[in-house]
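Student: I have a model open and want a quick tour. Can you help me read it?
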Amino acid sequence: MDAVHPRRNREQIVAGIMAETGIDEPMIERLVRSFYDRARHDPLIGPVFAHKVRDWEAHIQRMCAFWSSVALMSGRYHGQPMAAHTPLPVGTPHFDRWLTLFTETAREI
């Protein structure tokens, strides 16, 4: 990055990501909302979410911030995802199902 104009360079990088992928904040929100709608009703991973998530809107907003930070370098997410997930009663089948649902949803969006 240009030491004199790091913000401009970051903005150019993000603009390039958005142009090449079509990813933007509204798309991230559509993806997150669609994914969690499916996940909540899934017989394998739905019960895990039902047990853990009490405020769905807050969870969705937190996940939008996470994916915005990952995909668009927004810096909106401030958390520790590994620490949040380590105590959950999940294993490989749960992760595989999560990944399948997320992939299907992302392809559709």
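Predicted model: local features only at pLDDT ≥ 70, side-chain atom pairs only at ≥ 80, totals over all residues.

Student: How many residues does α4 have, and how far does the helix reach?
Tutor: Helix α4 covers residues 56-72, which is 17 residues. From first C-alpha to last, α4 reaches 23 Å. That is close to the 24 Å expected at 1.5 Å a residue.

Student: What caps the N-terminal end of α4?
Tutor: Asp55 does. One of its side-chain oxygens lies 3.3 Å from the backbone nitrogen of Glu57.

Student: Which residues in α4 are buried?
Tutor: Among them are Trp56, His59, Ile60, Met63 and Cys64.

Student: Switching to the core. Which members of the largest nonpolar core touch the most others?
Tutor: Val32, Tyr36, Ala39 and Phe49, out of 20 residues in that core. Two or more residues each come from α2 (25-41), α4 and α6 (92-108).

Student: Which element gives the most?
Tutor: α2, with seven residues. In general, nonpolar side chains tend to be buried together in soluble globular proteins.

Student: What does Phe49 touch?
Tutor: Leaving out residues up to four places away in sequence, Phe49 touches Tyr36, Ala39, Trp56, His59 and Trp98.

Student: Charges next. How many salt bridges are there in the whole structure?
Tutor: A search finds five. In one of them, the side chains of Arg76 and Glu25 meet at 2.7 Å, N to O.

Student: Why does that pair tie together separate parts?
Tutor: Arg76 sits in the loop between α4 and α5 (81-85), while Glu25 is in helix α2, so the bridge joins parts 51 residues apart in sequence.

Student: Are those two buried, partly exposed or exposed?
Tutor: Arg76 is partly exposed, at 36% relative accessible area. Glu25 is also partly exposed, at 32%.

Student: What does Glu108 pair with?
Tutor: Arg38, with the closest N and O atoms 2.2 Å apart. Glu108 is in helix α6 and Arg38 in helix α2, so this bridge ties parts that are 70 residues apart in sequence. Glu108 is exposed, with a relative accessible area of 56%. Arg38 counts as partly exposed, at 26%.

Student: And which residue does Asp42 bridge to?
Tutor: Arg97, again by a salt bridge, with the closest N and O atoms 2.7 Å apart. Asp42 is in the loop between α2 and α3 (46-52), and Arg97 is in helix α6, 55 residues away.

Student: Is Asp42 buried or exposed?
Tutor: Buried, at 7% relative accessible area. Arg97 is partly exposed, at 28%.

Student: Which residues form a salt-bridge network?
Tutor: Glu29, Arg33 and Glu57 are linked in one.

Student: Last topic, rings. How many aromatic pairs are there?
Tutor: The count comes to eleven. Take Phe35 and Tyr36: the ring centres are 4.8 Å apart and the planes are at 75 degrees, so the pair is edge-to-face. Phe35 is buried, at 1% relative accessible area. Tyr36 counts as buried too, at 5%.

Student: Are Trp98 and Phe102 stacked or edge-to-face?
Tutor: Stacked, because their planes are at 5 degrees, with centres 5.0 Å apart. Both lie in helix α6, four residues apart, about one turn of the helix.

Student: Which residues do the ring pairs link into a cluster?
Tutor: The cluster includes Phe35, Tyr36, Phe49, Trp56, Trp98 and Phe102. Phe66, Trp67, Tyr77 and Phe95 belong to the cluster as well.

Conventions:
Residues numbered from 1 in each chain as written. Heavy atoms only, no water. Expected span 1.5 Å × (residues − 1). Buried < 20%, exposed > 50% of the residue type's maximum accessible area, 1.4 Å probe, protein only. Polar contact = N/O pair within 3.5 Å; in protein donor to acceptor, adjacent residues only side chain to side chain. Core = buried A, V, L, I, M, F, W, Y, C linked by side-chain atoms within 4.5 Å. Contact = heavy atoms within 4.5 Å. Salt bridge = Lys/Arg side-chain N within 4 Å of Asp/Glu carboxyl O. Phe/Tyr/Trp six-rings, centres within 6.5 Å; stacked < 30°, edge-to-face > 60°.
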